[in-house]
Amino acid sequence: MGGIGRIGILGSGSWATALAKIILTSQPSINWFMRREEQVRGFQRTGHNPNYLQDAVFDPKKITFFTDSDLNSFFRASDTVVLVTPSPFIKQYLKRVRSSSIRGKQIINAIKGIVPDENVLISEYLHDFCDVPNEFIGVVAGPCHAEEVVKGRRSYLTVGCFDLGKAKAMAEVLRNDYVSCTTSQDVVGIEYASVLKNVYAIAAGICNGLQYGDNFQSVLMSNAIAEMNSFVNTVHLLSREITDSVYLGDLLVTAYSNYSRNRTFGNMIGKGYSVKSAQMEMEMIAEGYYGAKCVREVNKRYQVNMPIMNTVYEILYEKRNAAEAITALTAHFK
């Protein structure tokens, strides 16, 4: 594929909105799938997403909207599709896409999660269940909060594709005055790191809610990146620098930033909220909640020593007392 062609965005949340903003700095127009017709009507009327990041202003004439009844039409009309839905919902969308609609499309995963129930990466699901060849699969990730993107603050992304030429083409689309974009062939490693950093951000939030200080948080993060490195190198051995921004940088910003919904979720748990009450109070999904369960299941095969991930899982799913669990976790730290 010489170029990216017409880009379609599947999803209507804050990260989808930020990516649309980035892409429209280099592309004349895009396709955009939003499930609800009332959201589209509100967008067309006001020039911004009525539900998320309302400061991000768009020219609706540059956007062709598709709604729930037009899912296959959306895929057929797009050459490159960027997936930006919450991970719990992606399977229900992809199961409705006919093979003739997805065939030959470049699919870029911008979802920082695993397919629940299947416990597989988005790239694996696309290949195994949707028959998308690996060379047409990619991922975009990095320390890049949507809220800062729409303010034009300097941000960094990495595009990973099995086909490096296609990664370079997508990176050109994403680069602008405030977004830097590098390339990689480590699709699997980037996807797993994107899942794990959300789990570790929940851990950071829990510790913040328990009033652990900055000294402890630094030790927590240094152990988290070591744990991430061990897991990723076990499941997908590849030459990579775990200190690169798409791994360590994304972990740090997700663990420390007040924009991080996973840190916010963990902070509520640390302060004594139940999982259900914290989920009900938050307006957006904390992907790390689902990621902890999925990685736990995946790791049954690999048996990597992952005390931080296991602790988060036990707090969220086994109702282990957070204060007692974190105290026990400290015995594993270096």
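Helices (H or I, at least four residues) are DSSP runs, numbered from the N terminus. The model is predicted: local features need pLDDT of at least 70, side-chain atom pairs count only at pLDDT 80 or more, and totals for chains, interfaces and linings use all residues. Residues are numbered from 1 along each chain as its sequence is written, and side-chain values use heavy atoms, with hydrogens and water left out.

**Largest pocket**

- A pocket is an open set of points on a 1 Å grid over the protein atoms alone, where a 1.4 Å probe fits, with protein on both sides within 12 Å along at least five of seven lines; lining residues have an atom within 4 Å of a point.
- The largest pocket holds about 880 Å³ of space, a volume being the space filled by probe spheres set on the points.
- Its lining comprises 41 residues, and Gly-13, Ser-14, Val-84, Pro-86 and Arg-261 lie nearest the centre.
- At least two lining residues come from each of α1 (14–23), α4 (87–94), α7 (146–149), α9 (187–209), α11 (245–256) and α12 (261–270).
- By class, the lining has 18 nonpolar, 14 polar and nine charged residues; Ala, Val, Leu, Ile, Met, Phe, Trp, Tyr, Cys and Pro count as nonpolar, Asp, Glu, Lys and Arg as charged, and the others, Gly among them, as polar.

**Packing of α4 with α6**

- α4 packs against helix α6 (residues 122–130) at an angle of about 20°, with the axes 12 Å apart; axes are lines fitted to C-alpha atoms over the stretch in contact, and angles run from 0 to 180 degrees between N-to-C directions.
- α4 is therefore roughly parallel to α6 (angles under 35 degrees count as roughly parallel, over 145 as roughly antiparallel, 65 to 115 as roughly perpendicular and the rest as oblique).
- Ile-90, Lys-91 and Leu-94 of α4 meet Ile-122, Tyr-125, Leu-126 and Cys-130 of α6, contact meaning heavy atoms within 4.5 Å.
- This contact of α4 with α6 has six nonpolar, no polar and one charged residues.

**Packing of α9 with α15**

- The axes of α9 and helix α15 (residues 307–317) come within 9 Å and cross at roughly 65°.
- α9 and α15 are therefore roughly perpendicular to each other.
- Leu-196, Val-199, Tyr-200, Ile-202, Ala-203 and Ile-206 of α9 make the contact with Ile-308, Met-309, Val-312, Ile-315 and Leu-316 of α15.
- The contact of α9 with α15 has 11 nonpolar residues, with no polar and no charged ones.
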